Amino acid sequence: MKHLLIILLVLVGYQTQAQKIHFKIEGESDTTVHLVKYFGKNLFYADTAEMVNGSVTFDGSKQKAGLLALYIPNKNLLEFVYSGEEDIDIRSKGPNYMQNVQVKKSKENELFFGYVQMIGTRRPMADQHRKDQQNHEEGSPQWKDLQEKIERLNKEVEDFRNDLLEKHGEMLATKILKMSFEVVVPDGPVDDNGEPLEEDFRYKYFKAHYWDNIDLTDDRLVRTKIFGEKLDYYFSKKMLLQHWDSIIVEAFDFIDQFDLKSDYFQYCVSSLTNKYSKSKIMG
């Protein structure tokens, strides 16, 4: 009887820790849907369930933390953050699932979609202002007015980012969003005549600080497509000389920082090995 009681308590504890991932998609018909996961830029099936009247629930206890997505066949992905520490309840409707999301439960996704939707509204406005500037002479009153509007929009985005980092810097959603922030390169040193002292200062600074916005100690971040894209770009000809001796040094220096049991190590070794085993530069 004592042993039975212990088993029941363990099972109850397990059930209370299991995380539910629930979606309600307005207007969707009954169909089979999938939960998909990232490992770097690679996408894999994680789970399958039946959507009934637009509702579907997945067992989150089966999943590792990272960026996941709901996939309805022949429709756009609905990406979301899964930390493994909270239930998730997300509502949306097509055709743009990401912009139409309403988060009913999940602090991580309140932050995530708050930023996604904010960028989704500000970016088209800024793009339209830049397009309108082409109809006016640079420096004209109309052109300056549009430029001020663009700068105000950029300031709104910058303030939103800074507030996010200051108040919620340790949350997974913030770390994922931060990965997409561009490294700000300062002006390089100049001589008395204003001439640059280092012709390649911007490149050196950008390369040295390329990984600043990515927490390379948090394995959860390798389970996002952003990391895979960042890794690809760093080892592309846009960043590195594509010569075997240069690539080997860079690859070993980068990979050696990871624990051999980490997902970062596994992904980077696999990705770079596949990339250069198909490359002519490695012989």
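In helix 3, the residues W143, L146, I150, L153, V157 and L164 are buried, meaning under 20% relative accessible area with a 1.4 Å probe and protein chains only, while exposed is over 50% and partly exposed lies in between. This is a predicted model, where local features need pLDDT of at least 70, side-chain atom pairs count only at pLDDT 80 or more, and totals for chains, interfaces and linings use all residues. Residues are numbered from 1 along each chain as its sequence is written, and side-chain values use heavy atoms, with hydrogens and water left out.

**The helix itself**
- Helix 3 has 28 residues and spans 40 Å from first to last C-alpha, close to the 40 Å expected at 1.5 Å a residue (1.5 Å times one less than the number of residues).
- Helices here are DSSP runs of H or I with at least four residues, numbered from the N terminus.
- Helix 2 (107-133) and helix 4 are included in what covers the buried residues of helix 3.

**Packing against helix 4**
- Helix 3 (residues 141-168) packs with helix 4 (residues 172-179) at an angle of about 140°, and their axes are 10 Å apart.
- L164, L165 and H168 of helix 3 meet T174, L177 and K178 of helix 4, where contact means heavy atoms within 4.5 Å.
- The residues of this contact divide into three nonpolar, two polar and one charged.

- E138 sits in the loop between helix 2 and helix 3, and it counts as exposed at 64% relative accessibility.

Conventions
Axes fitted to C-alpha atoms, helices over the stretch in contact; angles between N-to-C directions. Helix = DSSP H or I, 4+ residues; strand = E, 2+ residues; numbered from the N terminus. Nonpolar A, V, L, I, M, F, W, Y, C, P; charged D, E, K, R; others polar.
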